[in-house]
Amino acid sequence: MTMLRSALFNLLFLGGTALVVLAAVPLLAAPPPVLIGYVRLWARAVIGLLRIVCGIRVAVTGLEHIPTGGAIIAAKHQSAFDTVVWLVLLPRCVYVLKKELLDIPIWGWLARRCGHVAVDRKAGAKALRGMVREAGGRLAEGRPIVIFPEGTRTAPGEHVPYQPGVAALAAATHAPVVPVATDSGRCWGRRAFRKPPGVIHISVLPPLPAGQPRAALMNALETAIEDETARLHGSAHPVDKSGERGCG
C-alpha cells in the first residue's frame, strides 16, 4: 500500500508541479507579491498531498523563536520537502539555492521574480560575496532568508561539513541566525521513491547570540542543529504533541 500511495504522490507532485510552472508563464509579468502568493498555493498543495495521499503530517515547534523582519533561517536539509515547507511557514521567505536550479527554464524565471537568491558553488569567494550582497538586500526588505548550511541534502545520520555562507551573511548584515532541525529524511528521503506514513518534525531553536566570531558561530550552529536533529530521530513523537502546530 505504501508503494502505491508513494507512486500516486510522485505522479501528482511531478505532474502537478509541471502544470503549475507552465501556467505561471502569463504571470511572469505580474508584481512579485502575486507570484509569491501563487507559489505559496503550490506549496500548500504539496503539503496537503503528503497528508492525504501518503499519510505524512507535519508538526512544527518553536516558530515563536523567529524574529519579525529579516532573519537568517539556517535549516537542516534532508529532503526536497525542506525546499517546500518554508514557503508555507514564512509567507515572504527567500531561499538561497544553487545556481543550477535557477537556470531551469520558466521555473528559474519564476524563482528569480519571487526574489530567491542563486549561488554558484563552483565560483568560490566571488559567488559567496554575490550571495551575501543579494541576500543582504532581501534581509533589508524585511524578508527572512532560508539557507541550508550543509549545502546539500544529507541522509539521516549522515554528516557533512557546514559551509561558511551563513557566517558570512550574518557578519555582513548583523541579522539573527535561527537554527532549525528536522527529521524530514525519515518520510521523504533523498532521491527516495518510497514515502512511508509518519510525522515530519521541524524544530525551530532560539536565535544564536549575536556578535560571535565566525568560527564560534559556525560551531554553535552545527552543534545546535545536529544535537536537535539527533534528538528528533531518536524520539517517538505523537502527532498531537502539546506545543506542536500542524502545517498545511
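The following is a conversation about a predicted model and the terms used to describe it.

Modeller: Residues are numbered from 1 along each chain as its sequence is written. In this predicted model, local features need pLDDT of at least 70, side-chain atom pairs count only at pLDDT 80 or more, totals for chains, interfaces and linings use all residues, and side-chain values use heavy atoms, with hydrogens and water left out.

Biologist: Why is Ala-29 called exposed?

Modeller: Exposed means over 50% relative accessible area, buried means under 20%, and partly exposed is in between, with a 1.4 Å probe and protein chains only. Ala-29 has 72%, so Ala-29 is exposed. Ala-29 lies in the loop between α1 (2–23) and α2 (32–54); helices (H or I, at least four residues) and strands (E, at least two) are DSSP runs, numbered from the N terminus.

Biologist: What makes Phe-9 and Trp-188 an edge-to-face pair?

Modeller: A pair of aromatic rings is described by the distance of the centres and the angle of the planes. Rings of Phe, Tyr and Trp (its six-membered ring) pair if their centres lie within 6.5 Å; planes under 30 degrees apart count as stacked, over 60 as edge-to-face and the rest as tilted. A search of the whole structure finds four aromatic pairs. For Phe-9 and Trp-188 the centres are 5.5 Å apart and the planes stand at 85°, so the pair is edge-to-face. Phe-9 is in helix α1 and Trp-188 in the loop between β6 and β7 (198–204), so the pair ties together parts 179 residues apart in sequence.

Biologist: How do you know that Phe-9 and Trp-188 are buried?

Modeller: Phe-9 has 0% relative accessibility, so Phe-9 counts as buried. Trp-188 has a relative accessible area of 6%, so Trp-188 is buried too.

Biologist: Why is the pair of Phe-13 and Trp-188 called edge-to-face?

Modeller: The ring centres of Phe-13 and Trp-188 are 5.4 Å apart and the planes stand at 90°, so this pair is edge-to-face. Phe-13 is also buried, at 16% relative accessibility. Phe-9, Phe-13 and Trp-188 form one aromatic cluster.

Biologist: What makes Lys-76 and Glu-226 a salt bridge?

Modeller: Side chains of opposite charge can pair when their charged atoms come close. A salt bridge is a side-chain nitrogen of Lys or Arg within 4 Å of a carboxyl oxygen of Asp or Glu. Between Lys-76 and Glu-226 the N to O distance is 2.9 Å, so the two side chains meet in a salt bridge. Lys-76 is in the loop between β2 and α3 (82–89) and Glu-226 in helix α8, 150 residues apart. By this rule there are six salt bridges, and a network of them links Lys-76, Glu-150 and Glu-226.

Biologist: Are Lys-76 and Glu-226 buried or exposed?

Modeller: Lys-76 has 4% relative accessibility, so Lys-76 counts as buried. Glu-226, at 18%, counts as buried as well.

Biologist: Why is Lys-99 called partly exposed?

Modeller: The relative accessible area of Lys-99 is 32%, so Lys-99 is partly exposed. Lys-99 forms a salt bridge with Asp-103, the closest N and O atoms being 3.0 Å apart. Asp-103, at 43%, counts as partly exposed.

Biologist: How do you know that β2 is paired with β5?

Modeller: Two strands pair if DSSP finds at least two bridges between them. Three bridges join β2 to β5 (residues 145–147), so the strands pair, and they run parallel. In this pairing, Ala-74 stands opposite Ile-147.
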